[in-house]
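User: I am new to this structure and would like to learn how to read its features one at a time. Please give the general idea before each case.

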Amino acid sequence: MTPFDKNAPARIVRRAVPVIPAEMASFNPNLAAILVNRGITAPQQLDASLNYLLPTDQLPGIDAAATAIAEAIQAQAHILIVGDFDADGATATALCVRGLRAMGAQHVAYTLPDRARHGYGLSPAVLRDWLTEADAAPNLVITVDNGISAFAGVAAAQALGAQVVITDHHLPGEALPPACAIVNPNLSGSIFASKALAGVGVAFYVLAAVREQLTARGWFTPSQPRPNLAQWLDLVAVGTVADVVALDDNNRRLVAQGLERIRAQHCVPGISALFAVAGKDPRHATSQDLGFVVGPRLNAAGRLMDMRIGVACLLADDPSEARRLAILLNEINQERRAIEQDMLYSLQKSGQSPGLNDLNIPRPAHPEDWVVFDKTFHPGVIGIVAGRLKERWQRPVFVFAPEDASQPEAWLKASGRSIAGVHLRDVLVAMATRAPDLMSAFGGHAMAAGLSLEYRNLPKFRALFAQAMAQHAPKLPDQAVIWSDGELSALELTPQFSQTLHASVPWGTDCPEPIFDNVFEVIARSPLKEGLHWRLTLRLLVAHQGKPSTASPAEPVAGIWFGIGDQLPPGRFWHLAYRIGINHFRGQETLQLMVISGAAMPEAAAH
C-alpha cells in the first residue's frame, strides 16, 4: 500500500449527463444537469418560500412538547434550556431563548455542558453546576440538539421537580429517556420527510408549534404580540450548515431564508459581527460562509473554552457587545488553528514543512495506525484533525486524546471521520458486539462518530478496527476522486453564470457546490503567503470537436489555488478542477476560479 500524497493530482470523474425532465427544460442545460444530479427535478424544489416547509404536525412528539412549553409560559414557570457545545447547539440555544422570551416567558435561562468537565448533553453534573449559579430550580428543562440518550440527566431533572422536553435530531437507541415529550424526526415510525433536520431546525419547529398553541389559547394581545419567528432564520441557517446535515428540500429552504436575511443585514448583531471580524461582507453571504466563516468561530469556543461565549454573542442586541464577543471568538479560533497545526506537526515524519498544507504525513500502511493517539493531543480539536487526516489519507480515521491532560493514561476520548462507503457508527456497533466492554460510550452517524474508552483498551480497539477495515478493503480508494459537473464554455465562464448558479440553491452536504474541469493556458502566476497559495491568470482553451484548442482564445480569468505550495504543475497548459465564484473588490465584481486540483497537459494535446 503506497503512501497517499494529498498534493498529487486527484482523479477527476465527470458525473453522468442526466435526462432532463420537461419541467426543467427552460433552464440553462448545464445548470439543469447540475440540479438534476442533486435530486432537484422540479422548479418547485427551488422555491424557498416558507409555505413549502414541511408541516409541524408531522414531527413526532411535537404536540406534547408544545403543550408543556405553552403551559410553562402561561404559568411564568422557570424554564432552563440545555444546549450543546457546537454551533448547532449554540444557535438552537440562542433561538429558543429569543423565541420563548418573545412569546412572553419571563424566566428563561440557559446552560451548556463544558466539553472537558461534563461531556455531552444533559447530565446530573450539568444541572448540579448550573444550580450553584441559579436563583431557582427549573420547572421545565428543554434540551436542544441533545437529550435522546440522557437517561441520567432526565432523572436528575425530574428529581428537582422539573418536567423535561427533549428536542434532538440524533439517532435514538432502542430505549428512550422518560421525558414528558421527545421531539426528534428520527424516532421510530416518524413520517417526517426531513430526517436530516438539524438540532436548531427541530427547535425552530417546536417554537412554531408553541406559538400556535399560545395563539389558540388567546395568549397574544396588543401588549404581548405574536412574534414573527422567521426573523431568526439566520440562526437556523448557521446551525444547519455548520452541523453538516444533508441539505434536502426542507433544509435548503430554511438555509435560503436565513441567508436572505443575512444578506439584507436583518440578522442578529452577533452574526454580523462574526462576518466583520472575519473580513467578510454579509451582503454577499453564501452557505459556504456559514460553514467556513461563522461556524468555526462559534465551534472554537466549545472546543477550547466555554460555548456560553458563543451563545452570548448570538444573544447580544448591542452591536458593540456583539463585536467584543465576536473578537474573542475569533481569537479563540486562532488558538484552535495553532493547536491543530501543532497536533498535525507531531504526526509528520520530516518535521521541515512551514505550512499546514505542506505537512508530510504519508498514509500508514496498516489500518491499526489509522487510529491515532498522542498524550499531548487536545480533546477539543481531535475531530478537526481526524477530518484532515481522512481527507489526506482517504481512509476512515480515529484520533484519540486524554480526557484529562493530567492523567494521559486513564480515560481517552476519540473522534472519527469516514469516507463514502464506510458507515462509521455501524463499524463501532460491530466492534461493540464483538467486545461489549471495549467502549464506555459511543455514538455518531455514517461520516462521523465519537467514543470513550480506557487507555488500556486502546490496543484492542486498534486490532478490532483493523479487522473491520479488512472487511471494507474493496471500498477503500487509492486515490482521491473529484466529481466534476463537466466543462464550462466561454459563454458560461462569466460572473453572470456564477451568480445564477449560487442564486439557485444553497450548496452543502448532499447538495454539493458544483465543480467543473477544463484545460487552461497559464498566462501568469504569482505567490501568496510565502508561496503557500498562488494567484493565477488563466485562459480557457475553447473545446473544438471534443479536444481543447487555442483557436478563438477566451478572455483571461483570475484563479486562486490555495495550499498547493511548491507542487504547481509544470508547463503552460493545465487540466484543472475548480469552483467558480465572484470576487468583490472596491465595488467591482469579477469572476474568480477556486482551483481544487490539476495536472499538466502536454503542449501538443492543447492544440
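Analyst: Start with contact, which means heavy atoms within 4.5 Å. The model shown here is a predicted one. With that cut-off, and leaving out residues up to four places away in sequence, Ser 415 touches Ile 382, Gly 383, Ala 386, Val 397, Phe 398, Val 399, Ala 449 and Gly 450.

User: Where does Ser 415 lie, and is Ser 415 buried or exposed?

Analyst: Ser 415 belongs to strand 9, residues 411-417. Buried means a relative accessible area under 20%. Ser 415 has 11%, so it counts as buried. Its side chain also makes a polar contact, at 2.9 Å, with the side chain of Arg 417.

User: Which residues does Thr 143 touch?

Analyst: Not counting residues up to four places away in sequence, Thr 143 touches Val 82, Leu 122, Val 165, Ile 166 and Thr 167. Thr 143 is part of strand 4, residues 140-144. The relative accessible area of Thr 143 is 0%, so this residue is buried. A polar atom of the Thr 143 side chain lies 2.7 Å from the backbone oxygen of Asn 146.

User: How do I read the packing of two helices?

Analyst: Two packed helices are described by the angle between their axes and the distance between the axes. Take helix 2 (residues 62-74) and helix 6 (residues 199-216): they pack at an angle of about 60 degrees, and their axes are 8 Å apart. Because of that angle, helix 2 is oblique to helix 6. Their crossing is right-handed.

User: Which residues of helix 2 and helix 6 meet?

Analyst: From helix 2 come Ile 62, Asp 63, Ala 66, Thr 67, Ile 69, Ala 70, Ile 73 and Gln 74. From helix 6 come Tyr 205, Val 206, Ala 209, Val 210, Gln 213 and Leu 214. The residues of this contact between helix 2 and helix 6 divide into 10 nonpolar, three polar and one charged.

User: At what angle do helix 12 and helix 13 pack?

Analyst: Helix 12 (residues 319-345) and helix 13 (residues 382-393) pack at about 55 degrees, with their axes 10 Å apart. Helix 12 and helix 13 are therefore oblique to each other. The crossing of helix 12 and helix 13 is right-handed. Helix 12 contributes Arg 336, Glu 340, Met 343 and Leu 344 to the contact, and helix 13 contributes Ile 382, Ile 384, Val 385, Arg 388 and Leu 389. By type, the residues of the contact of helix 12 with helix 13 are six nonpolar, no polar and three charged.

User: What should I know about the backbone angle phi?

Analyst: Most residues other than glycine have a negative phi. Asp 145 is not a glycine, yet its phi is positive, about 65 degrees. Asp 145 sits in the loop between strand 4 and helix 5 (151-159), and at 0% relative accessibility Asp 145 counts as buried. Gln 265 also is not a glycine and has a positive phi, about 60 degrees. Gln 265 lies in the loop between helix 8 (249-263) and helix 9 (269-277). With a relative accessible area of 49%, Gln 265 is partly exposed.

User: Which residues of helix 9 are buried, and what do they pack against?

Analyst: The buried residues are Gly 270, Ile 271, Ala 273, Leu 274, Phe 275 and Val 277. They pack against helix 7 (233-242), helix 8, helix 10 (287-304), helix 11 (308-315) and helix 12. After helix 9 comes Gly 279, with a positive phi near 75 degrees.

User: How far apart are Ala 273 and Ile 327?

Analyst: Ala 273 and Ile 327 are 54 residues apart in sequence, and their C-alpha atoms are 8.2 Å apart in space. Ala 273 is in helix 9 and is buried, with a relative accessible area of 7%. Leaving aside neighbours within four places in sequence, Ala 273 is in contact with Ala 322, Arg 323 and Ala 326.

User: Where does Leu 424 lie, and how far is it from Ala 446?

Analyst: Leu 424 lies in helix 14, residues 424-434. Leu 424 and Ala 446 are separated by 22 residues in sequence and by 5.0 Å in space, C-alpha to C-alpha. Leu 424 counts as buried, at 0% relative accessibility. Beyond its neighbours within four places in sequence, Leu 424 has contacts that include Pro 396, Phe 398, Ala 446 and Ala 449.

Conventions: Residues numbered from 1 in each chain as written. Predicted model: local features only at pLDDT ≥ 70, side-chain atom pairs only at ≥ 80, totals over all residues. Heavy atoms only, no water. Axes fitted to C-alpha atoms, helices over the stretch in contact; angles between N-to-C directions. Helix = DSSP H or I, 4+ residues; strand = E, 2+ residues; numbered from the N terminus. Parallel < 35°, antiparallel > 145°, perpendicular 65-115°, else oblique. Left-handed = near helix turned anticlockwise from the far one by under 90°. Nonpolar A, V, L, I, M, F, W, Y, C, P; charged D, E, K, R; others polar. Buried < 20%, exposed > 50% of the residue type's maximum accessible area, 1.4 Å probe, protein only. Polar contact = N/O pair within 3.5 Å; in protein donor to acceptor, adjacent residues only side chain to side chain.
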